[in-house]
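Me: Could you walk me through a few features of this model? I'd like to go one question at a time.

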Amino acid sequence: MKKFMNKEIIQAILVADNNAKNLRPFSETESVALLPMVNVPMLDYALEALNRSGVMEVFIFSSLHYENVKGFIKESLASTSCWSIGMTVHVIGGEGCRCFGDAMRELDSKGLIRENFILLDANCVTNADLKLILAQHKKTVAYDKGAVATLIFKQANIHVRTGSEVMIAMDTQNKRLHHYQELSMDSKEINFEIPLEVFTHNSEIALLNLVNPEIAIGSPSMLSLFSDNFDFETRADFIRGILINEEILDSRIYISLLPRQQYARKVNNWLSYQIVSNDIINRWTYPLVPDMGIKCLTQQYIFLKNNIYRSATANLVKVGLRENVVIGNKSAVGLGSHLDCSVIGRNVQIGQNCRLHYVFIFDNVIVEDNCALEFCIIGSGSKIAANCELKGVLIDYNCVIPKNTKLMKSQVLSSPLKNGRDEMTRKISDKAYVIDDGAEVADDEDERNHTASPKMGKLTTNLADSDYSCSSDESESRGCSPILDDANGFLSEVIDSLTRGLQEKSNPEYLKLEINSSRYAYNMSLREVNFNVVKAIFNLPPIKEPSRNISVALNTVFDQLKPIITHYIRTDDAMMDCLKALEDIFEENEFVRSRMSQVVHYLYDKDFITEDIILAWYEQLDNDQHKILKQTLQKFIEWLEQSSDGDNEETD
């Protein structure tokens, strides 16, 4: 009994309402921590992550919307949320707190933190096991009493800048931080200024480009350092202050890099909101995925092919759902509407013949017939009348957009701006005041000098924009084969995963998770993943090793791994990526080379690839470069064209 009573309580601090200015207009009236992400408030993701890491006591600090956060926690506890089991949650407010440093000083003055603690932003989504990193931090403190924090980072995505990217210099032997630099969102740095003593005083230094999810393990002395240094206003101020004054403060910072299978990213603007939402839908954050019942104890969605999550109570009438779509409880979508990469909240009514692409709709919204929405966020209680065209528009809570409205790159408020700034808006209805992109004036000098927050946009990296590129004389419509070392490393891992899965007859869902983890580790775009998954399948022993019958070899592999290829090869672009991979396989695999016509015919018969895509691909093949391949496929293509002509005649 005495041993049980002396058990250490794992504590955590959750900081709410950070990055509020970047998430306007919703942050004006609601806490950023309560902003819904894939129909779940962001705060729930953070609390669930802490609960899974064994945290027993959480202090949520909220200064801007204290009452809202407190009411939300009270309601969640009453409804027995998942994270409330075994975890005590306190909400602390500080009216005079204007920055992160003030919050830390307020917490220090209350004396609530007794041991090493986990520090997390409420707008961070992670599936990392923070308890293990906490244990490592304790070991670090055991041999270095001046260790005040262990900062947690994740490997960066080289294609996208969201404002969370940093470059650090770290001692590879003890993981001690020696240099820290935040990277800008609008440029690619070529030169870095790093103090010479970083290299002269340390034997092994690594320079790393990383994503900062703003997760840390802190020692109790971390809070007192904020109290003693009032110029520590942000996390970056704290880090730089420690690095500059290590000897004076007798304090040091250490680093923990998350393994590739663990996810962590913060939401600090609308671009990162879109990215994290997409990652959740694509299950990179597993088990924090829609169908696992985040917060609630019951399953909310039916998980379907192409990452479609549909509530059992949703009403859909002949609707086109392409991929990455979430439809909430009691929502309805009308006849002929098409949705792609979108999240629909609860009790949402979408009319007929609407087109939605990367649209995030909160609860209780009405979208009438014939609307075209792209890269939009629509606040709860709003109404979009018929025949509207909106692109890159943020619509506040309870707005009403009139019929035939066309808007691009704008914010829409339900009421005019206050503080004498109403001249910045134009009224389009009694509950719709438009602020065009670039029209809004910053509240203070610091904000005016700050780089504009990035907006939502197309996430899939085109081959031309990735780290490998086509030669200038190639058609823009054609892709080219990945040639990076990263691509080779990714391909090798996928081959290993699928080979093991084939031998052990593993659950395809587990194999998908392994592939997605490898994708994130190697920063692979979706098209690179499609390409390499197909190459990996054709590098498996039953197909790669000589066999008398190619159909038997294909059946051996595809009968077991069919869910894998149908998961990745599901769009026209993905089918083309599949055929591009076959071009490489034709050159590399002599056994498949002589039977390529049978391979393509097999994929066609099994409905992995459509006739139109095969014909389009064949037309793109270069007559000189792919002469032998075209000759091999010629009879099959002729048969395909004759079959197509026959179908057309029957239709006529």
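Predicted model: local features only at pLDDT ≥ 70, side-chain atom pairs only at ≥ 80, totals over all residues.

Me: Which residue in β12 is the bridge partner of Leu151?

Reply: Residues are numbered from 1 along each chain as its sequence is written, and side-chain values use heavy atoms, with hydrogens and water left out. Strand β8 (residues 147-155) pairs with β12 in the parallel sense over 6 bridges, where pairing needs at least two DSSP bridges between the strands and strands are DSSP runs of E with at least two residues, helices runs of H or I with at least four, numbered from the N terminus. In β12, Leu151 has as its bridge partner Ile255.

Me: How many of the 6 residues of strand β12 are buried?

Reply: Buried means under 20% relative accessible area, exposed over 50%, and partly exposed in between, with a 1.4 Å probe and protein chains only. Strand β12 (residues 252-257) is largely enclosed by the rest of the structure, because the buried count is 5 of the 6.

Me: At roughly what angle do the axes of α17 and α20 cross?

Reply: The axes here are lines fitted to C-alpha atoms over the stretch in contact, with angles from 0 to 180 degrees between N-to-C directions. Angles under 35 degrees count as roughly parallel, over 145 as roughly antiparallel, 65 to 115 as roughly perpendicular and the rest as oblique, so α17 and α20 are oblique to each other. The axes of helix α17 (residues 572-588) and helix α20 (residues 611-620) come within 10 Å, and they cross at roughly 50°.

Me: Which residues in α3 meet Leu43, Asp44 and Leu47 in α2?

Reply: The axes of helix α2 (residues 42-52) and helix α3 (residues 66-78) come within 12 Å and cross at roughly 60°. Contact means heavy atoms within 4.5 Å. On the α3 side, the residues are Val69, Phe72 and Ile73.

Me: Is Glu214 buried or exposed?

Reply: Glu214 lies in strand β11 (residues 205-218) and has a positive phi, near 60°, in a residue other than glycine. With a relative accessible area of 12%, Glu214 is buried.
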